[in-house]
Each structure stands twice: as C-alpha cells, then as structure tokens.
Amino acid sequence: MSYQSPTSKLLEDHDMFEEDQAHIGEQRMQLQSQNMDAAKKMLKADNHRDPGPTDFAQLLSLLCFPFTIFGSWYCVKPSEEAVVLSFGKYAETAREPGIHFSTMWGRQMFKCSTKKASVELPKTTVIDSNGNPLIISAVVVYQFINTRRAVLDVDMAHNFVKSQGEAALKQTLSRFPYESNDGSPCLKTEAYEIGTHLCKVLQDKVSTAGALVHSFQLKEISYAPEIASGMLKRQQAIAIIEARQTIVQGAVEIATHALEKLNDNGIEMDEEERSRLVTNLLTVVCGENDAMPTLPM
C-alpha cells in the first residue's frame, strides 16, 4: 500500500475540483444562452408590421408637399431605435441606423437605446428564511429588445427595470438562508444558482417593458450590524473546529504510515511501544507549541 501525503492528496482533490467546476461552468453558460435566446424570441414575437402614418397625416403631406420633403427626414444612430407616432397612434419603429423618412405632420418620435445597460441595486435589508437580517446589494445587466414596449407600455423604462429588480431581490432572497448545514441551497454557496433564478424572475416582470435581462449578480451579502459580531464569533468557532479536524486527520495518517514503515523494515514493537510512539506523534503534530525533547534521568 503506497503512502500519499496529505498535501499531495489535497492538490489532487483540488485539480479534480477545478475540472468539475470548469465542466459545470460550460453547462451553465449553455443553459443561460438557451434561456436568453428563448426570452429574446418571445420579446420579438409581437414586432408586427408597422401600420405607418395615419390617413390624415398622409393627406397633409400631399397638400404641403414641398415642406414635407424637407422636414420629414430623421437620423437613427447605431444601437438605437426610433418609435414614431402619428397623431398619437403608433406608426412605425426604425430599427436600422441611418436616415429614415416619415411624414412630419403629426409626428412624435421617441428614441430608445438598445445598448446593454447595468443598474446597481442599492444596499437593502432582507430577512432570510432563518429570520436573520442581511444587507444585500446586486447588479442587473439588461437590454431593451422591444423598444415599442419600452416607449409605449411603461413609463420611464430604466426606472421600471430598477424598481422591479429591487422587488424581485427581496421576494426571492427571503426564501433562502444565508448559511445551511443540511445541504439545502443557501446564499453563501449557491450564489450563481440563486442569481440565475433571480434573472428568470426579473425577466417575467420586465417583459412588459421589452427588456432582456442578461444577468442578475449578487454584489454584496453580509449580516446586518446588529447581529454581525455574534455571527462572526460563530464563524470563527466553526473555522477552528474544521482546522482541528484536518490536523487530527493528518496526524493519524502520519502515525499509521510510521507504524507500517517500521513493520516493513523488520522493527518489531510491542503494544506499549506502539502506543507510546503514536501518543508522541499525535502530541507533536496536534500540539500548538513546539516540541521540547526530554532525556530520561
């Protein structure tokens, strides 16, 4: 039986963990891409045919033909769309950058950017499922895909996305604990999965504004000041216990390997000597102070 030191075992376990995490990351990216494609397809589904200017606007454009030619041109920049109304009715959406023509009579134009935008949700207090107050902030990355919805169906689309993000943050995170000892999802270890769930929840809320949510990432999670000191002591105690367990496990492996090597080299020891050797090794390895050699008188 070959001996494997605790350090080499930890390194091997770390390499295997890194490979598993890389594979899981690829699967997550594929799933996220599929979800985004489905949401984008749904948002573009109602991009129906533009009805164009009203009959009255077309009549005015004919009666005032010379002025119509010179005053009806407008420009759309890259990553921008223009929603055009004709006497208060939806007429068309200019989606391609460049110069466009739409009769100037009764025309109202609202331009909307289709660039990706990010909004930081400010720190807010959320009560987790265990009743502990948490201070949480997040960052949402989104993009307007259906600009007609963003202009006509909601008021101040960017503020709408921000307010809905704050509501989704409080509603969702209150169902999870910060820490879990039974393996159930918690905010400390399952931040990515919870962020993906938040993304889906927010997408349902902002679809009416024509927005596509790219990510919903938790920026900061911490205990509220009133319980932070108590939770810090608890975490320190847990860390000390885990460190002691690791040291004891390594000491037992070292003592076992030493006895096996002595036996393989033909050195026989009785039970009392074996017990003394193991006791000394465990004392040296597990002790906090440096070992002090002693000589028998």
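**Figure 1. Serine 86, a buried residue of strand β2**. Serine 86 of this predicted model counts as buried because its relative accessibility is 3%, buried meaning under 20% relative accessible area, exposed over 50%, and partly exposed in between (1.4 Å probe, protein chains only). The residue belongs to strand β2, residues 80-86. Helices (H or I, at least four residues) and strands (E, at least two) are DSSP runs, numbered from the N terminus. A polar atom of the serine 86 side chain lies 3.1 Å from the backbone nitrogen of threonine 54. Serine 86 touches Pro53, Thr54, Ala57, Ala91 and Gly106, leaving aside residues up to four places away in sequence; contact here means heavy atoms within 4.5 Å. Residues are numbered from 1 along each chain as its sequence is written, and side-chain values use heavy atoms, with hydrogens and water left out. Because the model is predicted, local features need pLDDT of at least 70 and side-chain atom pairs count only at pLDDT 80 or more, whereas totals for chains, interfaces and linings use all residues.

**Figure 2. The protein chain as a whole**. Eight helices and eight strands make up the secondary structure of the protein chain. Of its 297 residues, 30% count as buried. Among contacts in the protein chain with a separation of 6 or more, 69% join residues 24 or more positions apart. The protein chain exposes about 19200 Å², of which carbon and sulfur atoms supply 57%. Accessible areas come from the Shrake-Rupley method with a 1.4 Å probe; for residues, only the protein chains shown count as cover.

**Figure 3. The largest nonpolar core**. A nonpolar core is a set of buried Ala, Val, Leu, Ile, Met, Phe, Trp, Tyr and Cys residues joined through side-chain atoms within 4.5 Å. The largest one has 31 residues, and those that touch the most other members are Ile136, Val140, Phe144, Leu169, Leu173, Leu187 and Phe216. Two or more residues of this core come from each of β6 (117-127), β7 (133-144), α5 (157-173), α6 (191-206) and β8 (211-223). The element that gives the most is β7, with six residues. Leucine 173 touches Val126, Asp128, Ile136, Leu187, Ile194, Leu198 and Leu218, not counting residues up to four places away in sequence.

**Figure 4. Strand β7 and its pairing with β6 and β8**. Is β7 mostly covered or mostly uncovered? Strand β7 is mostly covered, ten of its twelve residues being buried. Two strands pair if DSSP finds at least two bridges between them. The pairing of β6 with β7 is antiparallel and runs over nine bridges; here valine 119 stands opposite valine 140 in β7. Five residues separate the strands in the hairpin of β6 and β7, where glycine 131 takes a positive phi near 85°. The pairing of β7 with β8 is also antiparallel and runs over eleven bridges. Glutamine 143 has leucine 212 in β8 as its bridge partner.

Figure 5. Side chains of opposite charge can pair when their charged atoms come close. A salt bridge is a side-chain nitrogen of Lys or Arg within 4 Å of a carboxyl oxygen of Asp or Glu, and the count by this rule comes to two. One joins lysine 219 to glutamate 120, with the closest N and O atoms 2.7 Å apart. Lysine 219 counts as exposed because its relative accessibility is 52%, while glutamate 120 is partly exposed, at 45%. In a salt bridge of 3.4 Å, N to O, the side chains of glutamate 220 and lysine 123 meet. Glutamate 220 is partly exposed, with 29% relative accessibility, and lysine 123 is exposed, with a relative accessible area of 57%.

**Figure 6. Histidine 197 in helix α6**. Histidine 197 counts as partly exposed because its relative accessibility is 31%. The residue has its place in helix α6. Histidine 197 touches Thr172 and Arg175, apart from residues up to four places away in sequence. Although histidine 197 and phenylalanine 216 are 19 residues apart along the chain, their C-alpha atoms are separated by 8.8 Å.

Definitions and conventions. Polar contact = N/O pair within 3.5 Å; in protein donor to acceptor, adjacent residues only side chain to side chain.
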